[in-house]
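Please keep the sequence and the structure in view while reading.

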Amino acid sequence: MILLTVLAGCGPRDFAAPRELDDACSIVREHPDYLRAFRATERKWGVPVPVQMAIIYQESKFVGNARTPLQWKLGVIPVGRQSSAYGYSQALDGTWDEYLEQEGGWRHKRDNIRHATNFMGWYMNGTKRELGIPLYDTRNQYLAYHDGRAGYRRGTWKSKGWLINVSDSLARRTLLYDSQLRACNKR
C-alpha cells in the first residue's frame, strides 16, 4: 500500500487550467490548494489574494507548467523559447535563482502553486520597498513585475500601450475577483 502511494505521487501532475477563469469562486472551489497558497502568501507578505489571482491569471492562466512559446528559424527549426519564464508565476531563471538564494527555498519549484505565490509575495515586497508601489496596486505592481524593477524605474513600460492596457485590465480583474471572493465567502 505504501509503495502504491509513493508511485502515485510520482505520476504526472495535473497542470490543467481551472474551467472558469473569470470566476474566482469557481477557481478556488475547483482548486482549494490555490486558496490555501494565496492566503499563506497574504499572511506572510501582505499581498491581497485577488492581486495574486489577477497576476497569475495574466502570467499563466493558472497553468502550473506554462512556458513561453518556442521561437523558430526558417519556420521549422526550433531555436529556443522567448524567455526562461516558467510556471504559475512565469518567473525568469535569474529572478527565481535570486529568490531561492534569499529565501533559502532550494527545493522550491515554479510549478508548485505555494512556491509560485510565495515568490510573487517576495518579489512584490521588493517592489514595494524599492519603488514604493503598494501591494494592492495591481496595475503598477504588474508593470514592475513584467518589465522588472529597473525597467519600471526607467519607464520602459510607457512606450508599451499593450502592456498598459493589460495592467489596467488586471486592475479591473482584481476588483472582480475581490467582489466574487467576498460573495462566495458569504455563501
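Helix α4 is mostly covered, with 11 of its 12 residues buried; buried means under 20% relative accessible area, exposed over 50% and partly exposed in between, with a 1.4 Å probe and protein chains only. Helices here are DSSP runs of H or I with at least four residues, strands are runs of E with at least two, and both are numbered from the N terminus. This is a predicted model, in which local features need pLDDT of at least 70 and side-chain atom pairs count only at pLDDT 80 or more, while totals for chains, interfaces and linings use all residues. Residues are numbered from 1 along each chain as its sequence is written, and side-chain values use heavy atoms, with hydrogens and water left out.

The buried residues of α4 include Val 49, Gln 52, Ile 56 and Glu 59. Among the elements that cover them are α2 (24–30), α3 (32–45), α6, α7 and α8 (161–186). From first to last C-alpha α4 reaches 16 Å, close to the 16 Å expected at 1.5 Å a residue, where the expected span is 1.5 Å times one less than the number of residues. After α4 comes Lys 61, with a positive phi near 55°.

Helix α6 (residues 113–131) contains Thr 117. Thr 117 counts as buried because its relative accessibility is 0%. Leaving aside neighbours within four places in sequence, Thr 117 is in contact (heavy atoms within 4.5 Å) with Ala 37, Phe 38, Thr 41, Gln 52 and Ile 56. A polar atom of the Thr 117 side chain also lies 3.1 Å from the backbone oxygen of Arg 114.

The largest pocket holds about 400 Å³ of space. On a 1 Å grid over the protein atoms alone, a pocket is an open set of points where a 1.4 Å probe fits, with protein on both sides within 12 Å along at least five of seven lines, and lining residues have an atom within 4 Å of a point. Of the 21 lining residues, Glu 59, Ser 83, Ala 85, Gln 90 and Leu 92 are the closest to the centre of the largest pocket. α4 (49–60), α6 and α7 (138–154) each supply at least two lining residues, and the largest share, 4 residues, comes from α7.

The protein as a whole has 8 helices and 2 strands, in the order α-α-α-α-β-β-α-α-α-α from the N terminus. Of its 187 residues, 46% are buried.

Methods:
Polar contact = N/O pair within 3.5 Å; in protein donor to acceptor, adjacent residues only side chain to side chain. Points joined across faces, edges and corners; volume = space filled by probe spheres on them.
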